[in-house]
Amino acid sequence: MGCGMGKSELQLKKCDRVSISAPGACSRLQSQPKCHAHCEAATAIRAALLIQRWYRQYVARLEMRRRCTWNIFQSIEYAGEQDQIKLYNFFGFLMDHFTPASSERNLISHIFRENEICRDIEWERYFCYKSIEVPESYTGPHLTFPMTFCGVSKLMEAFKHKQQLHARYVLQILGETWRLLRILPNINYVSVCHNQEITICGDLHGHLEDLLLIFYKNGLPSSEKPYVFNGDFVDRGKNSLEILLILFGFLLVYPNDVHLNRGNHEDHIVNLRYGFTKEILGKYRVHGKKILKLLQKIFSWLPLATVIDHKVLIVHGGISDMTDLNVIERVDRHRYVSALRPTKMSQQAVNGSKSQNSRNGEAGGPVEGRRRVYSLTHHSPASAQRHNPPRRSLHNLPISNQLSWSLEDELKRRRRLAGFDQSYGEMNKSESDSDSEPAGTETDEQEWKQIVDLLWSDPMPQNGCIPNEVRGGGCYWGPDVTEEVLERHNLQLLIRSHECKQDGYEFCHNRRVLTIFSASNYYEVGSNRGAYIRMGPDLVPHFIQYQASRTCRELTLTQSVGWTERSALRALREQLFVHKSDLISAFQEFDPNNTGMISLRHWASATETVLNLGLPWRMLRPQLVNSTKYGMVDYQQWIRELSITEPKLEISDTSILETMYKNHSNLETIFRIIDTDHSGSISFEEFRQTWKLLSSHLQTEISDEAIADLAQSIDFNKDGSIDINEFMEAFRLVDLSAHT
């Protein structure tokens with residue numbers, strides 16, 4: 001095999017020479033039928049070799065396109081997660097260090113009060129559904145309680161036909177689920193009986209089609225068909241609530257056979273950015289706020305792990321070198337309404353945790369000084385940095401770069417940038433409010449780190465354990481950490497989710513770590529297959545793959561790759577467009593004579609410096625740059641040719657538009673935080689404060705005049721307030737190449 005000339009081709013050429021040298025010798029040709037047959041066979045072999053060589057090249061090019069497309073989608077996704085964690089860390093900084101009376105602190109303080117633990121009777125009263133009447137005009141399913149298999153079946157059938165469940169039933173299901181989850185342990189221990197299989201599903205992310213397809217192919221949950229669902233039920237997709245209600249329904253009917261692990265998206269702070277908050281408020285305008293609050297409580301009570309037959313550990317994200325299941329079993333998990341921030345605890349609990357840590361010091365490593373931290377969990381030693389994957393750093397929080405400043409100087413600078421009231425004093429205990437730490441208490445940082453590691457971490461091929469600087473939370477852990485943790489707990493396999501895989505699953509770490517992802521077409525139609533695992537008493541995983549989209553199943557491989565590639569390039573062009581000023585500045589550093597031309601190498605280097613996405617830019621150049629001359633890129637022309645159109649907002653300060661484009665998701669998140677009544681609109685003054693918070697976070701200065709100018713321009717109906725729909729439409733980018 002190969003692409004060169006083989007023996008058969010030499011024989012073919014010899015036969016050709018014979019026939020050409022004696023074209024008229026018919027009798028001679030007739031006397032050599034075997035030679036002709038041999039020549040025909042050689043021709044067929046040569047053709048087969050040529051086809052094989054072409055096909056190999058074609059498949060290689062197609063696979064390279066798939067990988068580049070995948071890298072684009074994943075880099076943009078992780079950049080968004082990093083931005084969300086940075087923004088929330090900044091909010092935490094404001095809460096910890098700004099005075100309780102400061103206006104910016106008041107704007108965001110309500111999202112930090114979710115950690116308050118109310119007495120059960122108060123929750124029962126607040127979420128009481130009995131006063132909510134179901135009108136006769138309601139055409140959706142009517143449920144009876146306790147939940148039955150028939151009731152969940154009716155629920156599924158209604159959701160298949162896009163019917164909406166009445167808010168009374170939603171609150172009733174959620175209330176019953178909350179009561180059940182409170183009696184479950186942090187780690188569910190299950191056993192696979194003889195001639196029985198357990199099914200393990202990964203991320204669903206609001207993809208109802210995938211869940212229904214799994215049930216169709218594999219069967220519905222029952223005492224004979226147990227399931228483990230490994231977190232990330234919500235966000236990104238359109239039917240997160242429907243998935244939750246179905247899973248909660250089966251949990252209520254089969255509490256010993258349906259097991260739900262918490263994922264990193266079962267977190268109300270993450271939901272603000274990735275769509276679940278918007279979904280609930282869009283579907284339930286009257287009772288949406290109650291539903292959201294109850295779901296926050298439910299998410300905090302979801303178990304953190306499942307163990308099968310004491311041999312297979314199932315967690316959403318992963319582990320770290322400090323993971324200790326004995327400690328995790330004792331954590332008060334419900335205190336972590338959001339895993340993005342250490343919670344407060346009583347002095348008694350702190351003392352208890354101290355003693356636990358001292359008892360388990362050999363498992364958890366040296367106990368660091370307990371303090372409030374502003375980056376998630378891990379601070380890697382210098383020796384571990386050499387193992388860092390070639391990705392961008394996500395821990396460049398503004399506050400961490402100001403260590404040489406005093407706290408007072410830092411606060412002054414931030415308040416000056418934000419344009420807020422300068423009246424503040426030194427922090428003391430009398431200035432702390434109800435959501436600040438009581439005197440004499442500390443945060444159990446080690447306990448919190450273990451939870452974050454379970455929810456946010458990813459495996460890496462190198463040995464060691466380093467900060468997960470791509471997502472911004474958890475860690476990267478290597479095969480040596482896998483070996484040590486599994487051996488210490490007498491386990492043989494770790495099953496996790498958290499990462500989208502093109503085939504729906506992937507082994508790593510000598511097949512001792514298995515990633516399972518169940519949301520097919522996650523990034524785009526055809527981008528990936530979903531999968532789930534069947535595991536019997538032998539604990540050998542068997543995989544079932546699928547594509548939930550009929551459109552995707554009808555596409556050829558080439559069409560599927562082309563479809564997803566166009567979508568990825570469209571998203572990448574938007575990223576390039578919103579950074580065009582930064583790109584021009586970076587290009588000009590390589591163009592001191594202002595010729596408008598730079599080398600391809602410099603173009604790729606400058607683009608990566610600005611976007612910091614870790615992409616193979618030189619390989620992507622043909623899809624992004626129409627033409628080059630002698631290896632040079634006309635970057636001025638390229639910037640003009642980016643097929644993105646911007647909205648025509650008539651404002652004097654155009655720099656505010658670029659800030660908006662770059663930080664669209666951050667600004668929308670702040671918008672939803674400030675919209676405390678979930679009305680979908682905020683006043684001009686609240687809009688000004690929204691921008692001031694963002695500018696303080698970004699360490700940029702935006703004038704009040706520019707913000708007022710922008711607010712009036714966005715207020716299309718001139719009612720004196722900014723509607724969320726007006727807000728979103730004002731900054732909607734359109735890729736012209738998608739319509740040509």
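Predicted model: local features only at pLDDT ≥ 70, side-chain atom pairs only at ≥ 80, totals over all residues.
Residues are numbered from 1 along each chain as its sequence is written, and side-chain values use heavy atoms, with hydrogens and water left out.

**View 1. Strand β10 (residues 493–496) and its parallel neighbours β12 and β6.** Helices (H or I, at least four residues) and strands (E, at least two) are DSSP runs, numbered from the N terminus, and two strands pair if DSSP finds at least two bridges between them. Strand β6 (residues 312–314) runs parallel to β10 and is joined to it by three bridges, with Leu-313 opposite Leu-494. Three bridges also tie β10 to β12, again in parallel; here Arg-496 sits opposite Thr-515. In β10, Leu-493 and Ile-495 point one way and Leu-494 and Arg-496 the other. All four of these β10 residues are buried (buried means under 20% relative accessible area, exposed over 50%, partly exposed in between, with a 1.4 Å probe and protein chains only). In a regular strand the side chains alternate between the two faces of the sheet.

**View 2. Strand β12 (residues 513–516) and its hairpin with β11.** Val-513 and Thr-515 go one way from β12, Leu-514 and Ile-516 go the other, and all are buried. Strand β11 (residues 505–508) runs antiparallel to β12, with four bridges between them. Look for Phe-507 across from Leu-514. The hairpin has four residues between its strands, and His-509 takes a positive phi near 50 degrees.

**View 3. An open sheet of three strands, in the order β7-β9-β8.** Pairing here is mixed. The edges are β7 (458–459) and β8 (465–467), each pairing on one side only. β8 and strand β9 (residues 475–477) pair in the antiparallel sense over three bridges, and Ile-466 stands opposite Tyr-476 of β9.

**View 4. Helix α7 (residues 167–181), mostly covered.** From first C-alpha to last, the 15 residues of α7 reach 21 Å, close to the 21 Å expected at 1.5 Å a residue (the expected span is 1.5 Å times one less than the number of residues). Twelve of the 15 are buried, among them Tyr-169, Gln-172, Thr-177 and Trp-178.

**View 5. Helix α9 (residues 240–253), another 20 Å stretch of helix.** α9 has 14 residues, and its 20 Å reach is close to the 20 Å expected. Twelve of those 14 residues are buried, so α9 is largely enclosed by the rest of the structure. The buried set includes Ser-240, Glu-242, Phe-248 and Phe-250.

**View 6. Helix α17 (residues 445–456), buried along its twelve residues.** At 1.5 Å a residue, α17 should span 16 Å, and its end C-alpha atoms are 16 Å apart, which agrees. Twelve of its twelve residues are buried, including Glu-445, Lys-449 and Asp-453 as well as Trp-448 and Trp-456.

**View 7. Gly-680, in the loop between α26 (664–674) and β18 (681–683).** Gly-680 counts as buried because its relative accessible area is 15%.

**View 8. A nonpolar surface patch made of Ile-51, Trp-54, Tyr-55 and Val-59.** Together these four have about 430 Å² of accessible area, from the Shrake-Rupley method with a 1.4 Å probe, where for residues only the protein chains shown count as cover. Patches are made of residues with over 30% relative accessible area and no salt bridge, joining like charges within 9 Å and nonpolar side chains (Val, Leu, Ile, Met, Phe, Trp, Tyr) within 5 Å. A salt bridge puts a side-chain nitrogen of Lys or Arg within 4 Å of a carboxyl oxygen of Asp or Glu. Ile-51 lies in helix α3 (residues 33–97) and counts as exposed because its relative accessibility is 55%.
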